[in-house]
Amino acid sequence: MDKLIITGGVPLNGEIRISGAKNAALPILAATLLTGDKVVIGNIPHLHDITTTMELLGRMGVELMVDERMRIEVNAGSIREMFAPYELVKTMRASILVLGPLLARHGRAEVSLPGGCAIGSRPVNLHLQGLAAMGAELRVENGYVHAAAPGRLKGARLNMDMVTVTGTKNLMMAATLAEGRTVIHNAAREPEVSDLANCLISMGACIEGAGTDTIIVEGVKELHGTDYSILPDRIETGTYLVAAAITGGRVKLKSTRPELLGAVLAKLTEAGAEVTQGEDWVMLDTGGRRIKAVDVHTSPYPGFPTDMQAQFTAMNCVSRGTAAITENVFENRFMHVLELRRLGADVRLEGNTAITTGVPRLTGAPVMATDLRASASLVLAGLVAEGETHVERIYHIDRGYETIEEKLSQLGAQIRRVPS
Ligand code: EPU
């Protein structure tokens, strides 16, 4: 297992390119199951979760080809098995995204139920309720969802009790091939939902309202192939902006979409950083000043993303003043707090709120990554800690950040990957 060794204290400076969005690429790969035609997907990030999804599709008999620029050509015409095994689903919960497409196109699926998770219980009851409302027969047995849809799925009015990103994506995909109209009320508005909708539309689906809280899908008989490019990763963008802010640096990020980061950019500005942006780039400059701690409440898009909560907690730990960060999306997403304390942070938890009082500097220590964004926050803290920080179990980072040590090195950070 690899670890990252970071020697902190260097203000980051320079330019890097942002990769394609993990949380758009995963559902779009699942969407290829909705057609027997060839689908080509560009701007795919080179990540462990992508490899897992490709393995999942490959085991079903789907043909996949990747070129050197990470464009993936998928042909699900050769599918043999509508099965997602526990051994893959347990490593990546997003595997549940194959359920809707398999059921919609093939009328059956057997998908392992995702288990517990480091950040919360994360049930999939709303995915299952929605599919049942569309006429699917579902039974959970021996840890697997056994699903069947005799004939086509039927369009339905779906009132989602909670905003769920993957749930909205699964049901929207299922609805594309259902008979009649499906209306998803209280739908997730995340840009990755819209990106999936745009890809489905380019495959012949009839979808309106993606990006709002009401999505209307008019089912069609079949979808066709497409050539689609994934949108840039707003969370990777936000993470590198925090890297610049926390180190007192100046960084320009290219090939991104700053308009998808409204809540994050507003908080960075409130913290005292100067943020400038164009259509496909964003730059953060601290002018060498120590930034100010900011209060944050996470909520579904367009609110402040839970996927940036850990990074802002790390940033507040070394900023001026006291601030409170409240997590409202997941019930247990503060595993990084104890690790940040090992680096000398003054941070305590009160229910679902992390209260920090900034210290002038952290000190390096061995720390352990527990989930993807918690790991990112430890890397960020390591960038400002005196001496060496060893971040262990970085397979979590490799699930969601493409070549993080190369990108940070390019910005001047002293970071290296070693086998531990
Ligand atoms: N929920 C239910 N029942 C359901 C579905 C969700 O109670 O059937 C609850 C969850 O337990 C949670 C809340 O609803 O408390 C929101 O969960 P959501 O379903 O929106 O999360 P997700 O779709 O499982 C995606 C991202 C996460 C991101 C969240 C929130 C993917 C593959 N994952 O998860 O990304 O944090 O939306 O924005 O898209 C990450 O990239 O690090 C990551 C965890």
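**Reading the model**

Biologist: P302 lies in a loop, but between which two elements is that loop found?
Modeller: This is a predicted model, in which local features need a pLDDT of at least 70, side-chain atom pairs count only at pLDDT 80 or more, and totals for chains, interfaces and linings use all residues. Helices (H or I, at least four residues) and strands (E, at least two) are DSSP runs, numbered from the N terminus. With those names, the loop that holds P302 lies between β18 (296-297) and α10 (309-317).

Biologist: Is the peptide bond from Y301 to P302 cis or trans?
Modeller: The angle to look at is omega, which is near 10° for the bond from Y301 to P302. A bond with that value is described here as cis.

Biologist: What value does phi take at N186?
Modeller: N186 belongs to the loop between β11 (181-185) and α7 (191-202). Its phi is positive although N186 is a residue other than glycine, and the value is near 60°.

Biologist: In what order do the strands of the sheet that contains β1 stand?
Modeller: Strands of a sheet pair through backbone hydrogen bonds, either parallel or antiparallel. Here two strands count as paired if DSSP finds at least two bridges between them, and β1 (residues 2-7) is joined to β26 by six bridges in the antiparallel sense, with L4 standing opposite R417 in β26. Four strands make up this open sheet of mixed pairing, in the order β23-β25-β1-β26.

Biologist: Why is one side of β2 and of β16 left without a neighbour in their sheet?
Modeller: Their open sheet has four strands with mixed pairing, in the order β2-β15-β17-β16. One side of β2 (13-17) and one side of β16 (274-277) lack a neighbour because both stand at the edges, each with a single partner strand.

Biologist: Which residue is the bridge partner of Q277 in β17?
Modeller: β16 and β17 (residues 281-285) are antiparallel and share four bridges. The partner of Q277 within β17 is V282.

Biologist: At about what angle does α8 run to β17?
Modeller: Axes are lines fitted to C-alpha atoms, for helices over the stretch in contact, and angles between N-to-C directions run from 0 to 180 degrees. Contact means heavy atoms within 4.5 Å, and helix α8 (residues 234-247) packs on the sheet by touching β2, β15 (250-254) and β17. The direction of α8 makes with that of β17 an angle of about 20°.

Biologist: How many nonpolar residues are in the shell around the ligand?
Modeller: A residue is near a molecule if one of its heavy atoms lies within 4 Å of it, and 22 residues surround the ligand, the closest being N125, T164, T166, D307 and V329. Ala, Val, Leu, Ile, Met, Phe, Trp, Tyr, Cys and Pro count as nonpolar, Asp, Glu, Lys and Arg as charged, and the others, Gly among them, as polar. The shell has six polar residues, six charged ones and, as nonpolar residues, ten.

How values were computed:
Residues are numbered from 1 along each chain as its sequence is written. Side-chain values use heavy atoms; hydrogens and water are left out.
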